[in-house]
Amino acid sequence: MTGSSPTPCLWQVSAAPNASSASSNPSDIRHTLSWTGDSTIGRDPRCQIVLDSLVHGGVSRQHVKVGPAPDAPGKWQVCDLGSANGTFVNGQPLKGCRTLAEGDRIMLGQNGPQFIFALEWAPASGPPSLPPPPQPYPVPPAAFATTDRPGSGLPDYGLASNNPGSNNPGSYPPGNAPGADVTLSQLFPIMSTGRDLRRKAYLVPGILTVCFVVLMFVSVGNAGLFNLVLASYIAGAAYFFVYQLCGKAKPWWLLVGTGFTTIVLLVSPVLDLFIFVFRGILPGNVPEGDSSSNFITVLVQMFFGAGLMEELLKAVPVLIVMMIGFKLRSPWRERIGVWEPLDGILLGTASAVGFTLLETLGQYVPNIVNDVTLQAGAGAGELAGLQLLIPRILGSIAGHMAYSGYLGYFIGLSVLKPKKRWQILGIGYVTASALHALWNSSGIISFLVLALVGVLSYAFLSAAILKARVLSPTRSQNFATRFTRLP
């Protein structure tokens, strides 16, 4: 490096274990930054600055990136990558990106690892001399003596000799020691959590759960309404699980609209057209109640009459959203359209939720209720309907959601790889339809085989989600990587 331009670097601040703040002197760990690209910091082995997962469990896999500021030549910026525990610059929360000045201190999470930004005009002979970090805690009360913790440069807030009544000679962070003043936020935690209450505490799912519980109480005595409320809640919970695995934000109204569009298709003449093609022209007509057919015959009939037909029908709303996205302008085209496999999985599974709800509540539950009611009475019929509803909706994760999500992966992949679009779509369509047919036909063998097929279907969906996260152009913003193991 010549003397005409400085060498940007990050000095990693040393901190003693369980310390409430870091030393004011950097360690001898120096990370040189590049003038031509960003340097990512996190637990992911692919980051430029990799932190040990066992030591820094509160750091996200890709926590922040530091690089040249695109709008300020010669300047540097730090950007939070949607980390779970946040980023702080000089003690202030970082939202988005911020231009760095020499000596700025970057902290990953509350009391996490810290880095000091420096520009060096000559080869570094040692850490720069910098002012102490901002103190987020009040000065400890007089009842506690401060002694230096050996080797850390940190004060040790232990009990002083003039406090003989204590049986705990250990150390405490400032403000947390016995006898310290109690703050208003400690007495009323809800006043200080801010947006973290919604982002990290699953506040919205909790609120929705309370609302559904109230609705179920209201609908007691009305079997149809109760089944609708319960099925909607279970299906929503199952979809939320898949949504968290995908880790990409998508507007809730788009997901709900996709499922509703599938319901509209099922009650429209479009379904009759699909039945005519796949069960009338193609060999997909399965005689109802016919137990004489062998497994291969049923498998072929299910492949055409259930797999190919239903998977194409559920894919129609996803393809509609994809076409709409192509015609929109930024930023709506990115938010709404299908641009990667994760988009296809999210929309495909949302379509499957609509299909499952209508199929279960509109066909399977009424049929069994009517059959049992004729034999044992209305009460027994309603109970049988409820018993069927719960496993069918829960099983959608390894059923319709698995097949449609898997096909959605290929729809999104075809957008990333347009030169191989038809080959990709063909493989995805046939594979998803085959899984669907295998599930529908394996029940005639045994329930054990049926369970194995369900596990296989869920494994296919999970594998598609993991691969989609790797291929995602927005991987750095994926919130699924926020799940960390705390030390």
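Predicted model: local features only at pLDDT ≥ 70, side-chain atom pairs only at ≥ 80, totals over all residues.

Reader: How much space lies in the largest cavity, and how many cavities of 30 Å³ or more does a search of the whole structure find?
Author: The largest cavity holds about 40 Å³. The search finds one cavity of 30 Å³ or more.

Reader: What does the lining look like by class?
Author: Four of the lining residues are nonpolar, three are polar and two are charged.

Reader: Ok, zooming out. What is the secondary structure of the chain?
Author: There are 13 helices and 13 strands. The chain has 487 residues, and 41% of them count as buried. Among contacts with a separation of 6 or more, 60% are between residues 24 or more positions apart.

Reader: Now helix H13. How many residues, and what does the helix reach from its first C-alpha to its last?
Author: H13 covers residues 447-471, which is 25 residues, and reaches 36 Å. That is close to the 36 Å expected at 1.5 Å a residue.

Reader: Which residues of H13 are buried, and what do they pack against?
Author: The buried ones are Leu450, Val453, Gly454, Ser457, Leu461, Ser462, Ala464, Ile465, Ala468 and Arg469. These buried residues pack against helix H4 (223-246), helix H9 (341-376), H11 and helix H12 (421-442).

Reader: Switching to aromatics. How many pairs does a search of the whole structure find?
Author: The search finds 11 aromatic pairs. In one of them, the ring centres of Phe212 and Tyr233 are 5.4 Å apart and the planes are at 55°, so the pair is tilted.

Reader: Where do Phe212 and Tyr233 lie?
Author: Phe212 is in helix H3 (residues 203-218) and Tyr233 is in helix H4, so the pair ties together parts that are 21 residues apart in sequence. Tyr233 has 29% relative accessibility and therefore counts as partly exposed.

Reader: And Phe303 with Phe304, at what angle are the planes?
Author: The planes are at 85° and the centres 5.4 Å apart, so that pair is edge-to-face. Phe304, at 21% relative accessibility, counts as partly exposed.

Reader: Which residues do ring pairs link into a cluster?
Author: Tyr406, Tyr409, Phe410 and Phe460 are linked that way.

Reader: Backbone next. Where is the cis peptide bond?
Author: A cis bond joins Ser330 and Pro331, with omega about 0°. Pro331 sits in the loop between H7 and helix H8 (332-336).

Reader: What about phi of Asn90 and Asn111?
Author: Asn90 has phi near 55°, a positive value in a residue other than glycine. Asn111 is not a glycine either, and its phi is positive at about 60°.

Reader: Where are they, in loops or in strands?
Author: Asn90 is in the loop between strand E7 (87-89) and strand E8 (92-93). Asn111 is in the loop between strand E10 (105-108) and strand E11 (114-120). Asn90 counts as partly exposed at 25% relative accessibility, and Asn111 counts as partly exposed at 40%.

Reader: Last one: Ser39, buried or exposed?
Author: Ser39 counts as buried, because its relative accessibility is 7%. Ser39 is in strand E3 (residues 39-42). Leaving aside neighbours within four places in sequence, its contacts are Leu33, Ser34, Gln48, Val64, Lys65 and Val66.

Technical notes
Residues numbered from 1 in each chain as written. Heavy atoms only, no water. 1 Å grid on protein atoms, 1.4 Å probe; cavity = no way out; pocket = protein on both sides within 12 Å on 5 of 7 lines; lining within 4 Å. Points joined across faces, edges and corners; volume = space filled by probe spheres on them. Nonpolar A, V, L, I, M, F, W, Y, C, P; charged D, E, K, R; others polar. Helix = DSSP H or I, 4+ residues; strand = E, 2+ residues; numbered from the N terminus. Expected span 1.5 Å × (residues − 1). Buried < 20%, exposed > 50% of the residue type's maximum accessible area, 1.4 Å probe, protein only. Contact = heavy atoms within 4.5 Å. Phe/Tyr/Trp six-rings, centres within 6.5 Å; stacked < 30°, edge-to-face > 60°.
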